[in-house]
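Please read these points with the model open beside you.

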Amino acid sequence: MKNYMDWIRTDYFPTAFCAGCGHGIILKAIAKALTELEFKREEVVFVSGIGCSGWIPSPYIKADSIHTTHGRALAFATGVKLARPDLTVIVVGGDGDIASIGGNHLIHAARRNIDITCIMADNNNYGMTGGQYSPTTPQGAKTTTSRKGHVEPPFDVAYMVKAAGASYVARYTVAHFPQLVNAIKKAITTPGFSFVQAISSCPTHFGRRNISQDPYEYLDYLKKNSVNIKNVKETDEIRNKITIGEF
């Protein structure tokens with residue numbers, strides 16, 4: 001397929017995503033990566049769990065997909081890869097789905113270094129169920145379940161997955177589209193377990209309480225508050241910043 005739109009089911013448009021949701025950018029990044037890698041539809045299978053992120057491959061990507069139970073996408077994907085090692089298996093899930101309910105599956109998939117690509121669409125909260133805090137909610141951030149500010153520090157999921165044994169780990173925001181596409185391409189083509197943390201925007205829930213309800217201002221915030229890990233020399237430089245790059 002020569003055009004990324006060939007990967008997208010436009011007959012399901014308009015999408016179910018809220019206005020300004022960054023998950024549409026992640027959808028385009030995945031479709032563009034597969035197009036540039038010249039994959040055929042029958043060579044790829046997607047696995048997703050429950051949440052806003054589950055809609056990215058199912059129904060919006062025109063390929064075989066399995067929409068599984070909450071937090072279990074990596075377990076189902078492991079079974080798919082064992083049964084059909086010839087297929088490229090891509091998991092798409094949210095921060096609640098992948099890092100909380102499915103956290104153990106994530107750690108052990110990385111430890112086993114299974115040849116699966118996992119893309120975590122991280123909007124810092126449980127968006128579909130009303131904006132509750134998740135494992136990646138920043139300390140002090142307000143959500144429907146932390147109205148005076150979240151008291152717990154967030155998981156640095158990229159570092160955790162790298163330490164567990166993944167072959168490729170990267171983190172970019174939806175405001176860094178070319179870098180995100182390249183990271184997905186590298187993740188898909190790197191043998192072993194690959195993980196891409198795609199920091200997404202959620203103006204409807206997380207944004208209006210912490211950043212902005214305006215989609216443009218949200219993207220601008222992500223861009224201005226990100227620092228590439230290659231350019232960090234002191235720990236203080238990354239305090240309250242989003243570290244991006246390859247880990």
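The numbered points below go through helices, contacts and backbone details in turn.

1. Ground rules. This is a predicted model, in which local features need pLDDT of at least 70, side-chain atom pairs count only at pLDDT 80 or more, and totals for chains, interfaces and linings use all residues. Residues are numbered from 1 along each chain as its sequence is written, and side-chain values use heavy atoms, with hydrogens and water left out.

2. Helix 1. Helices (H or I, at least four residues) and strands (E, at least two) are DSSP runs, numbered from the N terminus. Helix 1 covers residues 23–36, which is 14 residues. From first C-alpha to last it reaches 20 Å, close to the 20 Å expected at 1.5 Å a residue. The expected span is 1.5 Å times one less than the number of residues. After helix 1 comes Glu-38, with a positive phi near 60°.

3. Burial in helix 1. Buried means under 20% relative accessible area, exposed means over 50%, and partly exposed is in between (1.4 Å probe, protein chains only). By that rule His-23, Ile-26, Leu-27, Ala-29, Ile-30, Ala-31, Ala-33, Leu-34 and Thr-35 of helix 1 are buried. Their cover includes strand 1 (44–48), strand 3 (88–94) and strand 4 (117–122). Helix 6 (177–189) and strand 8 (194–199) are also included in that cover. An α-helix has 3.6 residues a turn, so residues three or four places apart point the same way.

4. Helix 1 against helix 6. The two helices pack at an angle of about 55°, with axes 9 Å apart. Axes are lines fitted to C-alpha atoms, for helices over the stretch in contact, and angles run from 0 to 180 degrees between N-to-C directions. The angle makes helix 1 oblique to helix 6. Under 35 degrees counts as roughly parallel, over 145 as roughly antiparallel, 65 to 115 as roughly perpendicular, and the rest as oblique. The crossing of helix 1 past helix 6 is right-handed. Right-handed means that the near helix is turned clockwise from the far one by less than a right angle; anticlockwise is left-handed.

5. Who touches whom there. Contact means heavy atoms within 4.5 Å. On the helix 1 side, the contact with helix 6 uses Ile-25, Ile-26, Lys-28, Ala-29, Ile-30, Lys-32, Ala-33, Leu-34 and Glu-36. Helix 6 brings Phe-177, Leu-180, Val-181, Ile-184, Lys-185 and Ile-188. The contact of helix 1 with helix 6 has 11 nonpolar residues, no polar and four charged. Here Ala, Val, Leu, Ile, Met, Phe, Trp, Tyr, Cys and Pro count as nonpolar, Asp, Glu, Lys and Arg as charged, and the others, Gly among them, as polar.

6. Helix 4 against helix 5. Helix 4 and helix 5 pack at about 40°, with their axes 7 Å apart. This pair is therefore oblique. Leu-106, Ile-107, Ala-110 and Arg-111 of helix 4 meet Val-157, Met-160, Val-161 and Ala-164 of helix 5. The residues of this contact divide into seven nonpolar, no polar and one charged.

7. Helix 7. Pro-203, His-205, Phe-206 and Gly-207 are the buried residues of helix 7 (203–210). They pack against strand 5 and helix 8 (215–224). His-205 has a relative accessible area of 16%. Leaving aside neighbours within four places in sequence, His-205 is in contact with Asn-125, Gly-127, Gly-130 and Gly-131.

8. Cis peptide bonds. Phe-13 to Pro-14 is cis, with omega near 0°. Pro-14 sits in the segment before helix 1. Ser-58 to Pro-59 is also cis, with omega about 25°. Pro-59 is in the loop between strand 1 and strand 2 (64–67).

9. Two asparagines. Asn-113 is not a glycine, yet its phi is positive, about 55°. This residue is in the loop between helix 4 (103–112) and strand 4. Asn-113 counts as partly exposed, at 30% relative accessibility. Asn-124 also has a positive phi, about 70°. Asn-124 is in the loop between strand 4 and strand 5 (125–126). Is Asn-124 buried or exposed? Asn-124 is buried, at 11% relative accessible area.

10. Gln-139. This residue is in the loop between strand 6 (132–133) and helix 5 (157–164). Gln-139 is exposed, at 52%. Not counting residues up to four places away in sequence, Gln-139 touches His-150, Val-151, Glu-152, Pro-153 and Pro-154.
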